[in-house]
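Hello,

Here is the structure we talked about. Please look through it first, then read the notes below.

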Amino acid sequence: MKKLKLLVGFLCLFSGFVAAAPADETDVAAAVDKLTHAMLHKDIAQLEALTADNLTYGHSSGNIQDKKAFISDIETGKSAFKELKMLNQKITLSGDVALVRHHFSAQAINKEKGIVPTEIENFQIWQKQDGKWLLIGRQAFRF
């Protein structure tokens, strides 16, 4: 009987572990969606809430920004979008870190050039801090 209880205990523990991973993946996907929506709609409060204070945000041009510069560009319209989608997303979890790869497809708004189609690849690093997923790193690159 002790062996049966032990076996059931391990199965319950393992089942709980397996069930937690998809929930975290769903939470990360939701955070990515919220960030995308906030960038598209200039939701500064949401951008503040979804990004870590030590954010490093890399553009495909090679420009690297901190949290303040990234949010400022969205707020001032320097970075603005008519459309913005993250396609073919893949999420890999490793403890409290999530690695996210996707295709960044946008209709960027450029004050001099008008609408500029933007098709790049994106790599994001999210970390679970105090129970919520925050963006700590992002690097875009041309393919």
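**Salt bridges**

At 10% relative accessibility, Lys67 counts as buried, because the cut-off for that term is under 20%. Keep in mind that this is a predicted model. Lys67 takes part in a salt bridge with Asp53, and the closest N and O atoms are 3.4 Å apart. This pair links distant parts of the chain, with Asp53 in strand β1 and Lys67 in helix α3, 14 residues apart. Asp53 is exposed, at a relative accessible area of 72%.

Lys67 also meets Glu48 in a salt bridge, at 3.6 Å from N to O. Lys67 lies in helix α3 and Glu48 in helix α2, so this pair ties together parts that are 19 residues apart in sequence. Glu48 is partly exposed, with a relative accessible area of 41%.

How many salt bridges does the structure hold? There are three. One of them joins Asp24 and Lys128, whose closest N and O atoms are 3.0 Å apart. Asp24 sits in helix α1 and Lys128 in strand β5, 104 residues apart. Asp24 counts as buried, at 17% relative accessibility, while Lys128 counts as partly exposed, at 29%.

**Overall layout**

The chain has three helices and six strands. From the N terminus on, the elements run α-α-β-β-α-β-β-β-β. Of the 143 residues in the chain, 35% are buried. The accessible surface comes to about 8,900 Å², and 58% of that belongs to carbon and sulfur atoms. Among contacts with a separation of 6 or more, 49% are between residues 24 or more positions apart.

**The sheet**

Strands of a sheet pair through backbone hydrogen bonds, either parallel or antiparallel. Here six strands form an open sheet in the order β2-β1-β6-β5-β4-β3, with mixed pairing. Which are the edge strands? They are β2 (64-66) and β3, each of which pairs on one side only. From one strand to the next, the twist averages 20°.

β3 and β4 pair in the antiparallel sense, over eleven bridges. Met86 stands opposite Phe104 in β4.

In soluble globular proteins, nonpolar side chains tend to be buried together. The largest nonpolar core in this model has 28 residues, and those that touch the most other members are Met39, Leu47, Phe70, Phe81, Phe104 and Trp126. Several elements give two or more residues to this core, including α1 (2-41), α2 (44-50), α3 (67-76) and β5 (114-129). The largest share, six residues, comes from α1.

Leu47 is worth a look on screen. Which residues is Leu47 in contact with, leaving aside its neighbours within four places in sequence? They are Leu35, Ala38, Met39, Phe70, Ile71 and Ile74.

**Two loop residues**

Lys42 is found in the loop between α1 and α2. Its phi is near 55°, a positive value in a residue other than glycine. Lys42 is partly exposed, with a relative accessible area of 41%.

Asp130 is found in the loop between β5 and β6. The phi of Asp130 is near 50°, again a positive value in a residue other than glycine. Is Asp130 buried or exposed? Asp130 is exposed, with a relative accessible area of 86%.

Regards

Key: Residues are numbered from 1 along each chain as its sequence is written. This is a predicted model: local features need pLDDT of at least 70, side-chain atom pairs count only at pLDDT 80 or more; totals for chains, interfaces and linings use all residues. Side-chain values use heavy atoms; hydrogens and water are left out. A nonpolar core is a set of buried Ala, Val, Leu, Ile, Met, Phe, Trp, Tyr and Cys residues joined through side-chain atoms within 4.5 Å. Buried means under 20% relative accessible area, exposed over 50%, partly exposed in between (1.4 Å probe, protein chains only). Helices (H or I, at least four residues) and strands (E, at least two) are DSSP runs, numbered from the N terminus. Contact means heavy atoms within 4.5 Å. Two strands pair if DSSP finds at least two bridges between them. Axes are lines fitted to C-alpha atoms, for helices over the stretch in contact, and angles run from 0 to 180 degrees between N-to-C directions. Accessible areas come from the Shrake-Rupley method with a 1.4 Å probe; for residues, only the protein chains shown count as cover. A salt bridge is a side-chain nitrogen of Lys or Arg within 4 Å of a carboxyl oxygen of Asp or Glu.
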